[in-house]
Each structure stands twice: as structure tokens, then as C-alpha cells.
Amino acid sequence: MTDIRLSKEDTARIVAKIKDYFVDELDQDIGGFEAEFLIDFFAKEIGPHFYNQGLADAQTLFNEKAEELTYQIHELEKPTS
């Protein structure tokens, strides 16, 4: 897995959300620099869990679609006797 890279716009948007959260929920003011450190921390420590879950979800969906396709192919078969 490669490192998670966010655009400057996405980073700025997330920083604003983190700062708002800290003010609204924790009644604490943090700066943008601290918020970016939090983003990096969560991306490194929690990001792989979300990534792995996304892969598992994709694998499940792929298997379901492959099973549907197999069923549809069998429906196309012609009788041979």
C-alpha cells in the first residue's frame, strides 16, 4: 500500500473540519499545523484498516457479481440431449 496523498484543497477542507470539531465538541482551539499532524497520524495509524476493509468489500462484491455471471451463463446453455 502506498502512502495516502491528499490534494492541498482536500487537506485544507479536512483541516477546517478538524478545527471545527475541536471547537464544537471539545471546546478547544487548535491550529492548522496541529490539525495536519492529526491527519497524518490517522492516515498512518487508521488508514490501513479502512483500506483493508475497502479491499474486503470489493472482494465480496466481485465474488457476488462473478456468481451472478456464472448463473446467467448457465441459463444461456442449450440442451444437448
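Keep in mind that the model is predicted.

Start with the core. The largest nonpolar core has 6 residues: Val-15, Ile-18, Phe-22, Ile-30, Ala-35 and Ile-39. Two elements give it two or more residues each, α1 (8-26) and α2 (32-45). The biggest share comes from α1, with 3 residues.

Now look at Ile-30. What does Ile-30 touch, leaving aside its neighbours within four places in sequence? The contacts are Ile-18, Lys-19, Phe-22, Ala-35 and Leu-38.

Next, the α1 and α2 pair. Their axes come within 9 Å and cross at roughly 105°. Angles of 65 to 115 degrees count as roughly perpendicular, so α1 and α2 are roughly perpendicular to each other. On the α1 side, the contact uses Thr-11, Ile-14, Val-15, Ile-18, Lys-19 and Phe-22. On the α2 side, Gly-32, Ala-35, Glu-36, Leu-38 and Ile-39 take part. By class, that contact has 7 nonpolar, 2 polar and 2 charged residues.

On to α2 and α3. Helix α3 covers residues 47-76. The axes of α2 and α3 come within 4 Å, and the crossing is roughly 45°. That makes α2 and α3 oblique to each other. Which residues meet here, in α2 and in α3? From α2, Phe-42, Ala-43, Lys-44 and Glu-45. From α3, Gly-47, Pro-48 and His-49. The classes for this contact are 3 nonpolar, 2 polar and 2 charged residues.

Notes:
Residues are numbered from 1 along each chain as its sequence is written. This is a predicted model: local features need pLDDT of at least 70, side-chain atom pairs count only at pLDDT 80 or more; totals for chains, interfaces and linings use all residues. Side-chain values use heavy atoms; hydrogens and water are left out. A nonpolar core is a set of buried Ala, Val, Leu, Ile, Met, Phe, Trp, Tyr and Cys residues joined through side-chain atoms within 4.5 Å. Buried means under 20% relative accessible area, exposed over 50%, partly exposed in between (1.4 Å probe, protein chains only). Contact means heavy atoms within 4.5 Å. Axes are lines fitted to C-alpha atoms, for helices over the stretch in contact, and angles run from 0 to 180 degrees between N-to-C directions. Angles under 35 degrees count as roughly parallel, over 145 as roughly antiparallel, 65 to 115 as roughly perpendicular and the rest as oblique. Ala, Val, Leu, Ile, Met, Phe, Trp, Tyr, Cys and Pro count as nonpolar, Asp, Glu, Lys and Arg as charged, and the others, Gly among them, as polar.
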